Amino acid sequence: MAAPVLRWSCPARRWILANIDRGPRHGRGSPTGSRSSGKRGQSSVAQQPLATAQKPRKGEHQWAAVVGLEIHAQISSNSKLFSGSQVHFAAPPNSLVSFFDASLPGTLPVLNRRCVEAAVMTGLALNCHINKKSLFDRKHYFYADLPAGYQITQQRLPIAVKGSLAYSVFVGKNRNQVINKTVRIKQIQLEQDSGKSLHDDLRSQTLIDLNRAEGQLRVDANISVHHPGEPLGVRTEVKNLNSARFLAKAIDYEIQRQIEELENGGEILNETRSFDCKLGCTVPMRDKEGKQDYRFIPEPNLPPLLLYDSASLPAGADPQQVINIDQLREQLPELPRVTREKLVQQYGMLPEHSFTLLNEVGLLEFFQNVMKETRAEPKRVTSWVLNTFLGFLKQQNLAVSESPVTPSALAELLNLLDQKTISSAAAKKVFEELWRSGGKTPAQIVSEKRLELMQDQEALEELCQATMEKHPQVVMDLKKGNPRAINKLIGLVRKATLNRADPTVIKEMLERQLSS
Amino acid sequence: MLGRTLREVSVALKQGQITPTELCQECLSLIKKTKFLNAYITVSEEVALKQAEESEERYKKGYVPPYNATVVQKLLDQGALLMGKTNLDEFAMGALGSDTGGSTRNPAALCGVVGLKPTYGLVSRHGLIPLVNSMDVPGILTRCVDDAATVLGVLAGHDCKDSTTVQDPVKSFILPSLTDVSKLCIGIPKEYLVPELSSEVQSLWSKAAKLFESEGAKVIEVSLPHTSYSIVCYHVLCTSEVASNMARFDGLEYGHRCDINVSTEAMYAATRREGFNDVVRGRILSGNFFLLKENYENYFIKAQKVRRLIANDFVNVFNSGVDVLLTPTTLSEAVPYVEFIKEDNRTRSAQGDIFTQAVNMAGLPAVSVPMALSNQGLPIGLQFIGRAFCDQQLLTVAKWFEKQVQFPIIQLQEIMGDCSSVFENDLASVSLKQ
């Protein structure tokens with residue numbers, strides 16, 4: 001059997017060699033960790049088209065960066081992971097602390113079912129393998145916001161592993177070229193959060209709030225650089241980034257810093273850094289960890305977490321006592337990728353638009369509600385929602401839920417436009433008015449401001465005629481072939497109609513009249 | 001009244017022969033008279049009397065209790081009175097302790113009372129200050145086996161606040177009075193016959209074995225081959241968990257905190273140095289050593305594996321038809337203080353726990369039952385070890401044994417009554433000399 005196996009593997013190898021000869025490829029992700037990589041930095045090492053037969057050697061001038069993200073996401077639940085105390089955003093300090101949270105001796109952790117379900121659903125949404133058995137461990141270190149002197153986490157065997165997330169990046173001048181990528185998810189684990197520290201430098205003291213840290217998302221980024229083909233470089237960790245923007249800036253900065261450091265003959269320390277958002281740079285953190293040994297031990301008060309699926313569920317099991325992965329899978333809401341595909345299919349929407357719709361909280365629902373009540377074309381609705389509506393929201397820094405314009409109002413407006421009751425320009429004015437003064441309907445605004453398009457074709461014909469007679473010079477220019485003359489005429493007619501005529505219609509009429 | 005069993009007293013209370021307050025006064029009075037024994041660290045006289053008052057009320061109506069450790073709560077729910085924290089308890093109606101390596105059974109044996117360590121997972125540890133979470137169990141100290149069963153019946157059962165308690169419903173613990181032991185198989189582990197065992201204890205152990213045999217039980221020698229590793233295994237696991245459990249004592253949330261303000265680390269270090277004694281500090285340092293990344297595999301993981309082997313030793317023995325194991329509880333009678341302080345704590349506990357700690361590592365139920373007085377007049381007890389969750393069977397056998405040996409339970413009240421003044425002066429002067 002040896003010979004056939006060898007024969008199969010050869011073509012593959014040849015393929016890889018061919019690729020290297022043809023030019024630099026996208027750096028591959030590293031074997032472990034959820035990494036995404038890309039070439040950064042100087043334009044001299046910008047991606048080269050594959051067609052070029054250039055040979056990059058050992059990449060002395062080329063750098064590949066490797067980034068791994070550790071994402072801390074707070075689970076939406078009524079009570080905490082291990083204690084019965086409640087979770088409330090912005091509660092007074094230390095008002096939601098049970099005996100267990102304060103680490104009083106004799107208190108024991110009790111696992112919150114809802115949190116386990118949330119973790120499983122997250123794992124399923126990220127295409128992970130759900131471990132039917134997972135374990136809890138203690139991670140020891142001393143810090144004021146960690147009252148027990150250890151954190152309960154899942155170091156040995158977490159609840160979900162080996163997942164992936166497909167995503168798209170929009171590049172190009174108009175950001176309309178799509179590149180589809182996949183990032184690997186190494187694992188998902190349940191763990192306790194620490195308390196919140198508030199440093200009072202004035203009085204040289206630190207205050208601890210054991211309600212548990214607020215802020216629903218925190219990211220630590222691990223970054224290293226290396227030459228393609230060589231081993232991975234030393235990594236640094238940039239901690240506590242809580243916005244996508246800062247995350248991107250921190251990573252970009254750190255990659256640059258590491259490249260510069262190495263090119264100047266320096267070395268990268270395996271250290272923890274933080275991001276100074278004002279200065280836009282990463283700085284070393286006070287070395288509270290150094291080479292920390294967390295002295296992990298299994299958490300003795302929590303037996304292994306066992307999950308079941310429909311096949312392995314024991315007969316007669318009390319549903320209160322078990323979690324069925326298959327059941328949770330059925331309860332998963334539609335994943336964004338599927339929703340986006342549907343939008344593209346159903347409405348002929350551009351992919352990048354489907355992303356925008358889903359990336360703003362509540363925007364998709366808004367869009368769908370407008371679609372329900374209007375006969376206007378999806379493309380028009382999309383344009384109005386993503387450009388006009390979203391534009392106004394962003395300008396005033398509002399969320400969709402805070403919008404003064406309701407989906408019904410926008411739908412009505414679009415209907416008026418669709419019926420050619422008003423012009424595009426008029427519609428924009430109506431929208432502005434809707435935004436400013438909630439309560440009035442589009443119809444009301446149109447009538448108040450007399451924005452209806454002229455319906456009387458005859459009257460319009462007469463006006464066109466009259467305008468041309470009044471401005472023979474412009475007509476002369478037009479006949480001479482001056483392209484701007486027609487616009488001037490249109491403008492004049494529009495003015496005469498008090499902007500109640502559609503310029504396209506006017507243009508048509510003028511041209512007809514001129515040609516006859 | 002103080003010499004009766006729990007059930008008898010309970011009946012008397014119900015029938016109004018004695019009121020809770022009267023009973024409480026009797027206990028308090030005896031505590032005061034025997035103050036020289038230093039049995040009680042704290043006497044919560046006011047609390048006890050108040051609870052006695054409430055108890056009198058309760059005989060009439062329902063009651064909703066406040067927060068406490070689950071086991072304490074369960075006892076309070078049943079109308080028990082908390083007399084205080086005991087140092088050593090030799091005459092209580094029932095006391096709670098904790099047993100991690102024998103710390104309920106050993107004192108019980110040395111003081112001539114019954115000390116029960118239930119199966120791990122049967123009784124809630126919520127509210128029990130942990131030493132070794134995977135071995136700790138609330139321990140029960142009583143004057144007779146029936147009382148221990150009564151208390152266990154109150155305490156056993158799933159507690160949602162303790163995830164290591166079993167879900168299965170618990171049967172009641174009323175013990176039958178065994179008359180026929182011919183169907184019993186008693187195992188005698190040969191590895192427990194160690195050179196350090198005192199001749200008195202050894203002979204009582206033999207006598208007990210012969211007693212079972214003469215009444216028709218099958219008594220066989222069994223082997224627990226990994227016994228010799230249990231002390232070291234226990235030491236590694238115990239210190240590792242202690243190091244972890246003591247990490248919370250940093251002076252920040254509760255307890256002693258020293259005044260150092262230079263930095264958090266400095267404050268922690270000083271607080272913990274002051275707050276912990278030598279023994280505890282030693283255990284913490286050892287435990288942390290074993291848990292270091294470079295040592296974890298060789299010490300902690302290895303000890304876990306050995307623990308599994310030790311537990312399997314018991315499984316194998318019970319699977320071969322043995323119902324209950326009979327062993328000594330302690331190496332000898334109580335050692336005088338002067339002798340005791342000659343050895344350091346580690347050696348001392350290594351020696352002292354040799355018969356009891358393997359049981360904690362295996363999670364099995366075990367009970368120490370007083371058998372006889374030594375030549376010096378000090379109590380000696382023997383230990384019975386049962387199968388996991390067969391606590392009732394274990395106690396049934398223990399009860400039979402207790403009836404057979406008729407250990408002379410100390411009746412302090414009578415002694416105090418007869419020669420109170422003489423006793424007080426004599427014993428007081430003895431303790432002063434030491």
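# A guided tour of a predicted model

Begin by selecting B:Lys32 and B:Glu45, whose side chains meet in a salt bridge with 3.5 Å from N to O. This pair links distant parts of the chain: B:Lys32 belongs to helix α2 (residues 20-33) of chain B, B:Glu45 belongs to helix α3 (residues 45-58) of chain B, and the two residues are 13 apart. B:Lys32 is exposed, at a relative accessible area of 51%, whereas B:Glu45 is partly exposed, at 31%. Please keep in mind throughout that the model is predicted.

**Further salt bridges**

Side chains of opposite charge can pair when their charged atoms come close. Over all chains, a search of the whole structure finds 24 salt bridges. For another one, select A:Arg512 and A:Glu461, which meet at 3.1 Å, N to O. Here too distant parts of the chain are linked, since A:Arg512 lies in helix α15 (residues 503-515) of chain A and A:Glu461 in helix α12 (residues 457-470) of chain A, 51 residues apart. A:Arg512 is partly exposed, with a relative accessible area of 46%; A:Glu461 also counts as partly exposed, at 23%.

Next, select B:Arg281 and B:Asp278, joined by a salt bridge of 3.1 Å, N to O. These residues are separated by about one helical turn, because they stand three residues apart in helix α10 (residues 278-291) of chain B. B:Arg281 counts as partly exposed, at 22% relative accessibility, and B:Asp278 as exposed, at 58%. Then select A:Glu433, A:Arg436, A:Lys440, A:Glu448 and A:Lys449, which salt bridges with shared partners join into one network.

**Strands of chain A**

Chain A contains 15 helices and 16 strands. Select β3, β7 and β8 of this chain: they form an open, antiparallel sheet in the order β3-β7-β8. Its edge strands are β3 (129-130) and β8 (177-188), each of which pairs on one side only. Strand β7 (residues 160-171) pairs with β8(A) over 11 bridges, and A:Val171 has A:Gln177 in β8(A) as its bridge partner.

Move on to strand β9 (residues 196-200) and strand β10 (residues 205-209) of chain A, an antiparallel pair with five bridges. The two strands form a hairpin with four residues between them, and A:Ser204 in the turn has a positive phi of about 50°. Select A:His199 to find A:Thr206 of β10(A) opposite.

Select strand β5 (residues 137-142) of chain B, where six of six residues are buried. This strand pairs in the antiparallel sense with strand β4 (residues 114-117) of chain B over three bridges, and B:Leu116 stands opposite B:Ile140.

Now look at the largest nonpolar core, which has 86 residues; B:Phe212, B:Phe314, B:Leu326, B:Phe384 and B:Phe401 touch the most other members. Helix α11 (residues 293-319) of chain B gives the largest share of this core, eight residues. Select B:Leu326 and display its contacts, which include B:Trp205, B:Phe212 and B:Phe384.

Which residues form a nonpolar patch on the surface? Select B:Val335, B:Tyr337, B:Val338, B:Phe340 and B:Ile341, which together have about 480 Å² of accessible area. B:Val338 is located in helix α12 (residues 337-340) of chain B and is partly exposed, with a relative accessible area of 48%.

Terms used
Residues numbered from 1 in each chain as written. Chains lettered and ligands numbered in written order. Predicted model: local features only at pLDDT ≥ 70, side-chain atom pairs only at ≥ 80, totals over all residues. Heavy atoms only, no water. Pairing = 2+ DSSP bridges. Patch = residues over 30% accessible without salt bridge, like charges linked within 9 Å, V, L, I, M, F, W, Y side chains within 5 Å. Areas by Shrake-Rupley, 256 points an atom, 1.4 Å probe, with all protein chains shown as cover. Salt bridge = Lys/Arg side-chain N within 4 Å of Asp/Glu carboxyl O. Buried < 20%, exposed > 50% of the residue type's maximum accessible area, 1.4 Å probe, protein only. Core = buried A, V, L, I, M, F, W, Y, C linked by side-chain atoms within 4.5 Å. Contact = heavy atoms within 4.5 Å. Lists of a residue's contacts leave out its neighbours within four places in sequence.
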